[in-house]
Amino acid sequence: MRKAERHAIIRQIIAAETVRTQEELLNLLEKRGVIATQATISRDIRDLKIVKVQDKDGQIHFELFNEYETEPDNHEEEKRLIRMIEDVVTNVDRVQFITIINTMPDNAQLMAAVMDEVKMPEKVTTLAGFDTVITICRTEEDAEKLADYFRSHMLS
């Protein structure tokens, strides 16, 4: 099966069902005749920009991150960043010229990628792990400005 076909099926599954783990996704794919490895599904999740979000009961599940069909301008990219901040950022801290952004589990790399798409003069670079994005800024003031930006868009 081609990657594009598998991606279409994954989008359908995530949109129609509550999927909490990659293993559940693999099982649902198998029921639809798609055989894939865990590594392939991990890459697909990253490629499709599927994020983990918490529902009203505190349960974590996969959700399609809204993408724009056309190439977004910086304003659209910033709107996407703000939505992602609202959906996955759990805490923001600053240490000297570094801004530390904590996310829901397994969302840091996507957050860093979305941040990298937005023009932010304060930011020099981002480094992402499993649930933490480290943003190196030019100055302590830039790091605080970036931290304030993220805090202002977090949902309480």
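Q: Which residues is methionine 84 in contact with, once its neighbours within four places in sequence are left aside?

A: In soluble globular proteins, nonpolar side chains tend to be buried together. In this predicted model, methionine 84 is in contact with Val51, Phe65, Val89, Asn107, Leu110, Met111 and Val114, leaving aside neighbours within four places in sequence.

Q: Which members of the largest nonpolar core touch the most other members?

A: That core has 27 residues, and Leu81, Met84, Met111 and Phe150 are the ones that touch the most other members. Two or more residues each come from strand S1 (50–54), helix H4 (74–88), S3, helix H5 (108–117), strand S6 (132–137) and helix H6 (140–153), with H5 giving the largest share, six residues. There is also a second, separate core of 15 residues, and among its members are Ile9, Leu25, Leu48 and Ile50.

Q: How do strands S3 and S4 run, and how many bridges join them?

A: Strand S3 (residues 89–95) and strand S4 (residues 98–103) run antiparallel and are joined by six bridges; within this pairing, aspartate 93 stands opposite isoleucine 100 in S4. The two strands form a hairpin with two residues between them.

Q: Where is glutamine 96 found, and what is its phi?

A: Most residues other than glycine have a negative phi. Glutamine 96, in the loop between S3 and S4, has a positive phi of about 50° although it is not a glycine.

Q: Is lysine 49 buried or exposed?

A: Lysine 49 lies in the loop between helix H3 (38–47) and S1 and has a positive phi of about 55°. Its relative accessibility is 17%, so lysine 49 counts as buried, whereas glutamine 96, at 49%, counts as partly exposed.

Terms used
Residues are numbered from 1 along each chain as its sequence is written. This is a predicted model: local features need pLDDT of at least 70, side-chain atom pairs count only at pLDDT 80 or more; totals for chains, interfaces and linings use all residues. Side-chain values use heavy atoms; hydrogens and water are left out. Two strands pair if DSSP finds at least two bridges between them. Helices (H or I, at least four residues) and strands (E, at least two) are DSSP runs, numbered from the N terminus. A nonpolar core is a set of buried Ala, Val, Leu, Ile, Met, Phe, Trp, Tyr and Cys residues joined through side-chain atoms within 4.5 Å. Buried means under 20% relative accessible area, exposed over 50%, partly exposed in between (1.4 Å probe, protein chains only). Contact means heavy atoms within 4.5 Å.
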